[in-house]
Amino acid sequence: MSNPLRIFVPVKRVVDYAVKVRVNAAKTDVDRNVKHSMNPFDEIAVEEAVRIKEKAPKTEIVAISVGTTKSQETLRTALAMGADRAVFVEVKDDSTLQPLAVAKLLKAYADKEENKPDLFILGKQAIDDDSNQTGQMLAGLLNWPQTTFASKVEIADRALKVVREIDGGLETVSTKLPAIITTDLRLNEPRYASLPNIMKAKKKPLVKLTPEDLGIDISPRLETLKVEEPAKRVGGRKVDSVDDLIDKLRNEAKVFADSTEFCPFQDHAQYLAVGTYQLTDEQEENVRVRKGKTYLFDVTKGLEPKQVIETPAVLDMKWSHGLINDKQVLGIADATGSLHLYGFNDQDQLELMDRVQATDDSSVLCLSLDWASRLNKTDQRVVTSHSNGDINILAPTESQYVIQEQWHGHDLEAWISAFDYWNTNIVYTGADDGLFKGWDTRTNSTTFVYKRHMMGVTTMQSNPHQEHVLATGSYDETIYFWDTRSMRAPVKSFQTPGGGIWRLKWHPTDSNKLLSASMHAGAFVLDTKDEPKLLTSFLDHTSMAYGADWSFQDQGLVASCSFYDHIMHLWKAAD
């Protein structure tokens, strides 16, 4: 960039993304008496402007916000991140402020400036109204070219090249400045404002205006008649053949495969366990009964199950890597809020050894489990996570497993819990609230809270071959890789070809191979050395791929299963 740029970045104060939004009593709006913060997509816009300024230090960044007095806090955050000055357009009530009015205010201010802006960078949408309109409307009013949903931005002189996300993949567009950019999730990772920069932000200029100063009427064109909570979601069903359709119509089975696990012990490494989930029409204590089955296969003898165990619906299952009472044990997390432990008997059949009930509330589900024994075979503890957000640590006594520690980790469903295999005093959890947390089990206190996920955090696993390496995934379709010595931000990431991430599994011996069950997109194997790259795609699943695991006997063999079609596949990953 040979010439300095002037970049305007609009930022909006919204209800914090980690807050569970509630409708107010009058049903006219959401309850706004909660924590607020900068719209996450606007944070990405500010970060991108700052990165441009770092390459061209003479660039000027102007942060602009329209809202009530408290919006000045959002502007101070933008200034602390690196904006040079701020403009605050004050309105008495921003609950009725609509995208067209904001776009007109931004155009009016741009016209008012003696030195015109070269670039507007906006978040693609605000997470409160999800309108996704302001950037496009502003482009129309200014008669400027627009590049929306940007995941990469390059500027050379007055030429702008943007890689943008579209339904079919990525599209690269080029245009000339001045222009409008709206930012997508994967454009960058916004920085945290340092304490010195927060102090400096207090001294940076902030100009206050009103819509009247700019000659703009912000009266709403649309009226909100009523606001209601969304209806509870009901899962749909998809069939692939007439036979499948007849079977479903005849039986209404609703049986879904959602987990698959190979036994890690060499003398039983041919055994594969698969868990299923069935939502029935039966009710107990006004809660619909969820039933399941656990299938045990000997994969060297075809896919006829060696054993079928009737269980409550299975949400997760994992084998212990250490012996429990001299037995090889499979742990099962189920829909009754219980942890079941099954061990091999002398006939190579699984038999129930223990059952621990986490709660008396029959509506609470046990969603995940992990064993501490992956590296330290003598550590027999189990961590579980639950649909009410609770986290449990279970440990054996002389006769049975008991809940050793229990705490409330999240306000929404805690989808996943996992030990740090190298330091089992540390546990990681993720939930539907979008929060990824670390916990010290000695104090049940957080070691960090990561808030940048745009959607629920669903899976994670510590690398059993490389200390300080952790992989996490969420509904946002991105796999993140972490150095556990510094959890402020991931060290690298990989964008899957669509589909949220439900399960991640490191290879049994190769420290760089990672398996992902990626829901709508299928299953994938990544090479994580240096920059992650795709090695193998398995796309035969026509439903959501929920379970996947590596064989410990044939280490190129993978089992994966999909939810709605109740299908399990065995396939080979590329070397």
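The largest cavity of this predicted model has a volume of about 180 Å³. A cavity is here a set of points, on a 1 Å grid over the protein atoms alone, where a 1.4 Å probe fits but cannot get out, and lining residues have an atom within 4 Å of a point. Grid points are joined across faces, edges and corners, and a volume is the space filled by probe spheres set on the points. Sixteen residues line the largest cavity, and those closest to its centre are Glu261, Trp319, His321, Arg374 and Gln461. Two or more lining residues come from each of β12 (255-262), β16 (314-319), β20 (366-371), β32 (503-506) and β36 (545-550). Strands (E, at least two residues) and helices (H or I, at least four) are DSSP runs, numbered from the N terminus. By class, the lining of the largest cavity holds eight nonpolar, two polar and six charged residues. In this division, Ala, Val, Leu, Ile, Met, Phe, Trp, Tyr, Cys and Pro count as nonpolar, Asp, Glu, Lys and Arg as charged, and the others, Gly among them, as polar.

Residues are numbered from 1 along each chain as its sequence is written. Because the model is predicted, local features need pLDDT of at least 70 and side-chain atom pairs count only at pLDDT 80 or more, whereas totals for chains, interfaces and linings use all residues; side-chain values use heavy atoms, with hydrogens and water left out.

A search of the whole structure finds three cavities of 30 Å³ or more. Among the residues that line it are Lys318, Asp370, Tyr421, Gln461 and Arg503. The elements β24 (416-419), β28 (457-462) and β32 each give two or more residues to this lining, which divides into five nonpolar, three polar and four charged residues.

Strand β28 also belongs to an open antiparallel sheet of four strands, in the order β28-β29-β30-β31. Strands count as paired if DSSP finds at least two bridges between them. Both β28 and β31 (492-495) are edge strands with a single partner each, so one side of each is left without a neighbour in the sheet. On average, neighbouring strands of this sheet are turned by 20° against each other, direction ignored; the axes are lines fitted to C-alpha atoms, for helices over the stretch in contact, and angles run from 0 to 180 degrees between N-to-C directions. Strand β30 (residues 478-483) and β31 run antiparallel and are joined by four bridges. Within this pairing, phenylalanine 481 stands opposite lysine 492 in β31.

Elsewhere, strand β5 (residues 85-90) is mostly covered, with five of its six residues buried. Buried means under 20% relative accessible area, exposed over 50%, and partly exposed in between (1.4 Å probe, protein chains only). Six bridges pair β5 with strand β4 (residues 60-67) in the parallel sense, and isoleucine 64 has valine 87 of β5 as its bridge partner. Together with helix α2 (residues 71-81), β4 and β5 make a right-handed β-α-β unit; right-handed means that, with the strands pointing away from the viewer, the path from the first strand over the helix to the second runs clockwise. Strand β5 also pairs in the parallel sense with β11 (residues 206-209), over four bridges, and valine 89 stands opposite leucine 209 in β11.

Helix α2 returns in the lining of the second largest pocket, to which it gives the most, with four residues. A pocket is an open set of points with protein on both sides within 12 Å along at least five of seven lines. The volume of the second largest pocket is about 490 Å³. Of its 19 lining residues, Asp16, Ser37, Met38, Glu43 and Thr77 are the closest to its centre. Besides α2, β3 (36-38) and α1 (40-55) each supply at least two residues of the lining. Seven nonpolar, four polar and eight charged residues make up this lining.

Strand β10 (residues 179-183) has five of five residues buried, so it is largely enclosed by the rest of the structure. Ala179, Ile181 and Thr183 point one way from β10, while Ile180 and Thr182 point the other way. Strand β6 (residues 119-123) runs parallel to β10 and is joined to it by five bridges, with glycine 123 opposite threonine 183. Strand β7 (residues 146-156) is likewise parallel to β10, through three bridges, and glutamine 146 stands opposite isoleucine 180.
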